[in-house]
Amino acid sequence: MAKASSPKRARNGKAESSAPPAKPNRERPPEPKRHEADRDEMLEYYRQMLLIRRFEERAGQLYGLGLIGGFCHLYIGQEAVAVGLQSALDQDKDSVITGYRDHGHMLAYGIDPKVIMAELTGRQAGISKGKGGSMHMFSVDHRFYGGHGIVGAQVSLGTGLAFKHKYKKDGGVCLAYFGDGATNQGQVYESFNMAELWKLPIIFVIENNQYAMGTSVNRSSAEDQLYKRGESFRIPGLQIDGMDVLAVRGAASTALEWVRAGKGPILLELKTYRYRGHSMSDPAKYRSRDEVQAVRDKSDPIEAIKHELENAGCTEEELKGIDKEIRQIVSEAADFAEQSPEPDPDELYTDVLVEKY
Ligand SMILES: Cc1ncc(C[n+]2csc(CCOP(=O)(O)OP(=O)(O)O)c2C)c(N)n1
Ligand SMILES: [Mg+2]
């Protein structure tokens, strides 16, 4: 009987290349540049971030008064992320999806603060007819696909949205936000694999606010440099200062250019911080007041752009005027929300199934 020949081995102990051949090295995106904005553009970012901050502060008050029921997760501290990224999108074709900390993303997309506040207070005029509340807001008209309570689920849903953009050739890109905690969820990686394999037009955005409920990122994550999380799927990642709206805006341009050129997904890790507890019912005993205060003092995104505006010649009067204008918008939204009627009980049976039954 002929002796079977032993398989050929490379002398250095490494596996010899065998068919099919390995994929070539992945191209890398360029280092993003901080966005150069003129005074008017900076004023617009200031206005939008301030709107989110004041809106969230008011939502916190309404919650305290018992006007908002259920869960309520505030976005205070993270404003530069939604504003910096979404200001770069094409609202006529791009889509956005996020988790339950969603009010800021809707405001940054230009959705009327009144219908968001009315949703928070469970009123008929709310964007989900008062039946979704804080975590389940949705607006197909704005291509804003929620508002999701299941950690990580929006990543697979966002991958589906990106598939739709590609399938329909509508030129859109999906922006899918998720938290540092969500990066340890299994479905995120199944989505990464499919997105890269099919070169889907999606920007995976990790909002690393340092905590997942009461667990800090380095206590929960073996690899805490979250921008590397796509590497084993060949998805390039960039780490960005999420407290600097112009740095975020610059990264958005780099990411959009990459995705729109058909190069597939990209991952952005925005290093940010949430000032409030995880939700309104979180006593936040897992960190010190000093830690929060230090971030507020050193890296507040709104103070930072305000400072740049002052350097660009904006007067205190002008900035105070904007603050007043924003407070007025938020007050009107709160009044609207308090005065709107609750949904009719019959609404319990609508919007449950797509078709009538
Ligand atoms: C699948 C699933 N597991 C657990 C939870 C409970 N839960 C709600 S929020 C949260 C923390 C998520 O933290 P992160 O992704 O960092 O987002 P952040 O709240 O900081 O915005 C957890 C574990 C959930 N909603 N869904
Ligand atoms: Mg987090």
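**Overall.** I counted eleven helices and seven strands in the protein chain, where helices (H or I, at least four residues) and strands (E, at least two) are DSSP runs, numbered from the N terminus. The radius of gyration is 23 Å, close to the 21 Å that the globule rule gives for 357 residues, so the chain is as compact as a globular protein of that length. I took that radius over C-alpha atoms, and the rule is 2.2 Å times the number of residues to the power 0.38.

I had to keep in mind that this is a predicted model: local features need pLDDT of at least 70 and side-chain atom pairs count only at pLDDT 80 or more, while totals for chains, interfaces and linings use all residues. Residues are numbered from 1 along each chain as its sequence is written, and chains are lettered from A and ligands numbered from 1 in the order in which they are written.

Along the principal axes, the C-alpha atoms fill a box of roughly 90 × 60 × 45 Å. Of the 357 residues, 45% count as buried; a residue is buried if 20 or more other C-beta atoms lie within 10 Å of its own, exposed if 12 or fewer, and partly exposed in between, with C-beta atoms placed from the backbone.

I also checked contacts, meaning C-beta atoms, placed from the backbone, within 7 Å. Among those between residues at least 6 apart in sequence, 75% join residues at least 24 apart.

**Helix 1 on helix 11.** I found that the axes of helix 1 (residues 39–64) and helix 11 (residues 316–339) come within 9 Å and cross at roughly 40°. Axes are lines fitted to C-alpha atoms, for helices over the stretch in contact, and angles run from 0 to 180 degrees between N-to-C directions. The two are therefore oblique to each other: under 35 degrees counts as roughly parallel, over 145 as roughly antiparallel, 65 to 115 as roughly perpendicular and the rest as oblique.

On the helix 1 side I noted Tyr-46, Leu-50 and Phe-55 among the contacting residues, and on the helix 11 side Ile-322, Ile-326 and Val-330 are included. By class this contact has ten nonpolar, no polar and five charged residues. Ala, Val, Leu, Ile, Met, Phe, Trp, Tyr, Cys and Pro count as nonpolar, Asp, Glu, Lys and Arg as charged, and the others, Gly among them, as polar.

**Helix 4.** Is helix 4 buried or exposed? Eight of its eight residues are buried, so helix 4 is largely enclosed by the rest of the structure. Its buried residues pack against helix 1, helix 3 (103–108) and helix 11.

I looked at helix 4 (residues 113–120) against helix 11 next: they pack at about 45°, with axes 8 Å apart. The contact divides into ten nonpolar, no polar and two charged residues.

**The ends.** Pro-29 lies in the segment before helix 1 and, with 17 C-beta neighbours inside 10 Å, counts as partly exposed. Leaving out residues up to four places away in sequence, I see Pro-29 touching Pro-236, Leu-238, Thr-254, Trp-258 and Ile-266.

Leu-348, in the segment after helix 11, is exposed, with 10 other C-beta atoms within 10 Å. From Leu-348 to Arg-260 I get 41 Å, C-alpha to C-alpha.

Key: Two residues are in contact if their C-beta atoms, placed from the backbone, lie within 7 Å.
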